[in-house]
Amino acid sequence: MKVVVNVSLKEGVLDPQGKAVHHALGSLGFDEVNGVRIGKRIVLDVDGEDKEKIKERVKTMCEELLANTVIEDYFIEVE
Amino acid sequence: MRAAVVVFPGTNCEFDTKYALEKISFDVEMVWHKEESLSENIDLVVLPGGFSYGDYLRSGAISKFSPVMKAVGEYAENGGYVLGICNGFQILLESHLLPGAMMKNKNVHFISKYHGLKVVSNENRFLSKTKVGDILRIPIAHGEGNYYIDEEGLKRLYDNDQVLLTYCDENGEELNPNGSVDSIAGICNEKKNVFGLMPHPERAVESILGSEDGIKMLEGFLG
């Protein structure tokens with residue numbers, strides 16, 4: 001099964017990359033952009049049928065490795 | 001005195017670190033990250049700088065699962081002295097041996113240059129040969145040295161005297177190169193036996209290279 005994990009910096013944590021990209025978009029004339037946050041998209045190919053069980057396992061993966069919960073939030077989508 | 005310098009795939013400061021420690025009379029052994037234990041009678045473990053595991057996922061994120069890190073954790077738990085320099089600091093943060101996390105530098109650039117450091121606390125083994133307020137000249141070389149800790153954690157650091165070094169200019173005025181909270185460059189744990197800093201003291205041990213201030217720092221571990 002395909003599982004997508006989106007990892008992003010927590011709200012309130014300044015995102016240096018997002019800020020730089022926001023600035024660059026402004027220089028290109030895209031004044032309508034109010035903010036940019038950059039994250040990571042991790043796609044896992046996982047064995048199993050039980051979506052709840054898979055989600056639970058992937059949550060543990062996030063806590064132990066895929067995200068640094070001091071500064072990052074994660075969101076899991078089982079497809 | 002014996003020091004162990006841990007080498008991960010992608011570490012690149014291990015020989016500079018060995019050179020610096022030998023210069024101040026340490027016997028140094030290199031320890032490959034696959035080792036599951038440390039030699040007996042080790043007085044200091046150093047996690048040197050570099051790009052362990054290519055900084056994949058996050059700096060230091062993969063290295064914390066290397067077999068040797070379990071031994072390093074136990075060594076620290078038993079009161080042994082551990083020093084993480086640059087990538088070594090990032091590994092200690094990822095391993096939760098030190099509090100907080102590292103983010104990309106505020107200007108998103110890799111910064112490599114000499115920088116001023118101010119000693120905030122010397123009530124610890126590492127900086128015991130320096131004085132509070134001393135200004136040291138030490139090279140920094142990092143892309144992810146933007147230290148982050150939440151307000152509560154920061155308060156705990158100050159309450160326990162765990163903030164060791166901050167970035168400053170040559171006159172000691174605050175100068176923040178990377179966006180770190182309160183310009184923090186180095187911290188220790190609550191027990192004051194695990195130390196981490198982004199600057200490279202091992203690169204400042206010869207006057208011909210611009211500074212010998214690194215000796216003053218590392219010598220603290222001689223006791």
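How many of the eight residues of helix α3 (residues 87-94) of chain B are buried? In this predicted model, the count is eight of eight, and the helix is thus described as mostly covered. The buried residues are B:N87, B:G88, B:F89, B:Q90, B:I91, B:L92, B:L93 and B:E94. Just after the helix comes a detail of the backbone: B:H96 adopts a positive phi of about 60°.

B:V5 sits in strand β1, which spans residues 2-7 of chain B. Why is B:V5 counted as buried? The reason lies in its surroundings: B:V5 has 25 C-beta neighbours inside 10 Å, and a residue is called buried when 20 or more are found within that distance. Leaving aside residues up to four places away in sequence, B:V5 touches B:E14, B:T17, B:K18, B:V28, B:M30, B:V31, B:V46 and B:P48. As for B:G79, 74 residues apart from B:V5 along the chain, the C-alpha atoms of the two are separated by 17 Å.

Chain B has a mean pLDDT of 97, and 100% of its residues reach 70 or more. For the model, the scores are ipTM 0.86 and pTM 0.94.

Notes:
Residues are numbered from 1 along each chain as its sequence is written. Chains are lettered from A and ligands numbered from 1 in the order in which they are written. This is a predicted model: local features need pLDDT of at least 70, side-chain atom pairs count only at pLDDT 80 or more; totals for chains, interfaces and linings use all residues. A residue is buried if 20 or more other C-beta atoms lie within 10 Å of its own, exposed if 12 or fewer, and partly exposed in between; C-beta atoms are placed from the backbone. Helices (H or I, at least four residues) and strands (E, at least two) are DSSP runs, numbered from the N terminus. Two residues are in contact if their C-beta atoms, placed from the backbone, lie within 7 Å. pLDDT is the predictor's confidence in each residue, from 0 to 100.
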